[in-house]
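Dear colleague,

Please find below the structure that I am handing over to you. My notes on what was found in it follow directly after.

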Amino acid sequence: MSTDNPLFASGVLTTEEGSVTFSEEFEEAVETYLSRFEGHTNEEFAAEIEAAVGDDVAVEPLAALGEEDPRTIAELCALAERLGTDDGKADGNPVQLLPSLRLFRDDDVRSDGAPESFVPVPATQLPQLLRIYSPALVYVWLDDSEKCDLAKRDLETVFEEPQDVMPFAVYGSAYKEFLDREYSLTAGPAVLFTRDGAVEARIYGAHGPGTIETELERHRR
């Protein structure tokens, strides 16, 4: 990640001993918000989000996400502060930059097996995230297998450059019942192409970068 990235320029990220991490000041701001949010209701989260970013589309699903994952809302509010004035968008859109912060979290969401540049998330947060970020692509992988390795490699090839879709990754083995119930997904590896929270297309297995690129081209229209 380039140091001219707005997350570096605003002091959200820093480098320590060659590794990228949150700055101490940003971590402190997040912890302050977490303390303030303790016991918050959905309506209270909605008010915090609206005040921070004023993004009408994102307010409702982010507020719903806040009750399960208040750290996301704390990161959003601290990020909006760091990015400056003008509704928190002087140096970048905080809602659009927010998912990348998950890459630097120290949590139990499995990232080993996710393609590079994809954001690992719990499957239970997909209903909210996919309403906020549209269009999006979700890669679901299972336990280590040759097909998962090939699919991961294909996605990394395609996403060497940004593709104008938000790329999420989910470790499917940890959420089998949820993925079956919400997305009728019982096999993997799989790639879901979504818009406004709904699955428009899906690919199972590994078919090469060309197949993914063809579907992406249709998906972006």
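Which elements make a right-handed β-α-β unit? In this predicted model, the unit is formed by strand β4, helix α8 (residues 146-158) and strand β5.

**Strand β5 and its partners**

Strand β5 covers residues 166-171, and six of its six residues are buried, so the rest of the structure largely encloses this strand. Met166, Phe168 and Val170 point to one side of β5, while Pro167, Ala169 and Tyr171 point the other way. Strand β4 (residues 136-141) pairs with β5 in the parallel sense over six bridges. Strand β3 (residues 119-120) also pairs with β5 in the parallel sense, over two bridges. Phe168 of β5 has Val119 opposite it, and Val138 likewise stands opposite Phe168.

**The two domains**

The chain is divided into domain 1 (6-101) and domain 2 (119-220). Their C-alpha centres lie 25 Å apart. In the interface, 13 residues of domain 1 are in contact with 10 residues of domain 2. The size of an interface is often given as the accessible area lost when the parts come together. Here the area buried between domain 1 and domain 2 is about 990 Å², and carbon and sulfur atoms give 62% of it. Of the area that domain 1 buries against domain 2, Pro61, Leu65 and Pro99 supply 48%, more than any other three residues. The rule finds one salt bridge across this interface. Glu60 and Arg131 meet through their side chains in a salt bridge (3.6 Å, N to O).

**Salt bridges**

A search of the whole structure finds 13 salt bridges. In one of them, the side chains of Arg71 and Glu27 meet at 3.3 Å, N to O. Arg71 belongs to helix α5 (residues 70-83) and Glu27 to helix α2 (residues 24-37), so this pair ties together parts that are 44 residues apart in sequence. Arg71 is buried, at 18% relative accessible area, whereas Glu27 counts as partly exposed at 28% relative accessibility.

Arg71 also meets Glu75 in a salt bridge (2.7 Å, N to O). Glu75 and Arg71 are four residues apart in helix α5, which means that about one helical turn separates them. Both Glu75 and Arg71 are buried. A network of salt bridges links Glu27, Glu31, Asp69, Arg71, Glu75, Arg102 and Arg105.

A further salt bridge joins the side chains of Glu182 and Arg181 (3.6 Å, N to O). Glu182 counts as partly exposed, at 40% relative accessibility, and Arg181 is exposed, with a relative accessible area of 56%.

With kind regards

How values were computed: Residues are numbered from 1 along each chain as its sequence is written. This is a predicted model: local features need pLDDT of at least 70, side-chain atom pairs count only at pLDDT 80 or more; totals for chains, interfaces and linings use all residues. Side-chain values use heavy atoms; hydrogens and water are left out. Buried means under 20% relative accessible area, exposed over 50%, partly exposed in between (1.4 Å probe, protein chains only). Two strands pair if DSSP finds at least two bridges between them. A crossover is right-handed if, with the strands pointing away from the viewer, the path from the first strand over the helix to the second runs clockwise. Domain bounds come from an automatic or database domain assignment. Contact means heavy atoms within 4.5 Å. Buried area is the accessible area (1.4 Å probe) that two parts lose on being put together, summed over both. A salt bridge is a side-chain nitrogen of Lys or Arg within 4 Å of a carboxyl oxygen of Asp or Glu.
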